Amino acid sequence: MIGTRELKLGIKCAVTGLLLWLAFRKVDLDAVSTVLAGLNPLLGFAALLLTSLIILSDAMLLSGVLRMFDRRVPFPTALLYSLVGWFFSNVAPSTVGGDIFRGVQLSRAGVPVGTAARLVLSIRLLSFATLIAVMFAGLPIALGLMDSRRDELLLIGIVAAGSGALAAVLLLTHFPRSPKLEQWPLVRKFYTLSGDFRRLLSPSPRMLAAWLAALSQHILRVPILSSLAAGLGFAIPTATLFALTPAALLVAMVPVSFGGWGVREVTFVYLLGTAGIAAEDALSLSIAFGLLRVFVGAIGGVAWAMISDHHYRVDASA
């Protein structure tokens, strides 16, 4: 009898395969392979270095949010959490993502399970909020690139939906609580998430550093993609990447495929296509970006295999 885990894996395999087929069916596969093989090594290495800065900023984000929950961790340990998390998010063939890895590992290190879950959700919410901010900043540029009213409305709808979700979480604590509704565990969790989000908005140097760390990750992805595009020989303006790829990466965060594969390729081809970028170019760029993440994730997998649990220690704040 097929278990729940096997069923989820099977569904993800099917969704990933279907989406990749949709992305590849209208492009010349030989041309894409030739372009990828011709990646400029220096520009590829530049993209790798920029990716390492994302890992550093992710470690800073984890360290900062941990302190909000009265925990502290040495920066090398936070860096280890970030690097190994890339393995589970981009390489590991399972339904366990980097966020779940962090939650499980933090609980093993002595953080209460509920606190670990709140911490991981707070980081994800902070990352989501800063991504919406980046999309807002690039929205005027994106609308200027699009010729179709339908495409403009689609992008505006994505930004509006994300903004509305953030506003709902933020304002939830202002509404009168219903004892009947709070009997549902999911409702109580949303109230807790709303309270934690308000704590993230408290003015302090620590929270400012956490917000900047989350924001820098989304901004750094633009020069990474720009380096890869230049390395592949594509004349894609950096402004175009800044305006359109954050929305594509937001859609790719939906956990319906392995490491975002398929979802990312379809959205890259569609959104960059609205700015006149050829489907082969958009697809090649998305694949190169995905392979870069797999490479870094593989390094994280090696670290996970070689390092024992005591290296993930988390201490209570003094």
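Reply: Leu53, Leu56, Met60 and Phe75 make a nonpolar surface patch of about 330 Å². Patches are made of residues with over 30% relative accessible area and no salt bridge, with like charges joined within 9 Å and nonpolar side chains (Val, Leu, Ile, Met, Phe, Trp, Tyr) within 5 Å; a salt bridge is a side-chain nitrogen of Lys or Arg within 4 Å of a carboxyl oxygen of Asp or Glu. Areas come from the Shrake-Rupley method with a 1.4 Å probe, and for residues only the protein chains shown count as cover.

The model is predicted: local features need pLDDT of at least 70 and side-chain atom pairs pLDDT 80 or more, while totals for chains, interfaces and linings use all residues. Residues are numbered from 1 along each chain as its sequence is written, and side-chain values use heavy atoms, without hydrogens and water.

Helix α3 (residues 41-68) gives the most to the patch, three residues; helices are DSSP runs (H or I, at least four residues), numbered from the N terminus. Met60 lies in this helix and counts as partly exposed because its relative accessibility is 45% (buried is under 20%, exposed over 50%, partly exposed in between).

Now the inside. The largest nonpolar core has 77 residues, of which Val65 and Leu285 touch the most other members. Such a core is a set of buried Ala, Val, Leu, Ile, Met, Phe, Trp, Tyr and Cys residues joined through side-chain atoms within 4.5 Å. Leaving aside neighbours within four places in sequence, Val65 is in contact (heavy atoms within 4.5 Å) with Leu119, Ser122, Ile123, Leu126, Leu200 and Ala210.

Technical notes
Helix = DSSP H or I, 4+ residues; strand = E, 2+ residues; numbered from the N terminus. Buried < 20%, exposed > 50% of the residue type's maximum accessible area, 1.4 Å probe, protein only.
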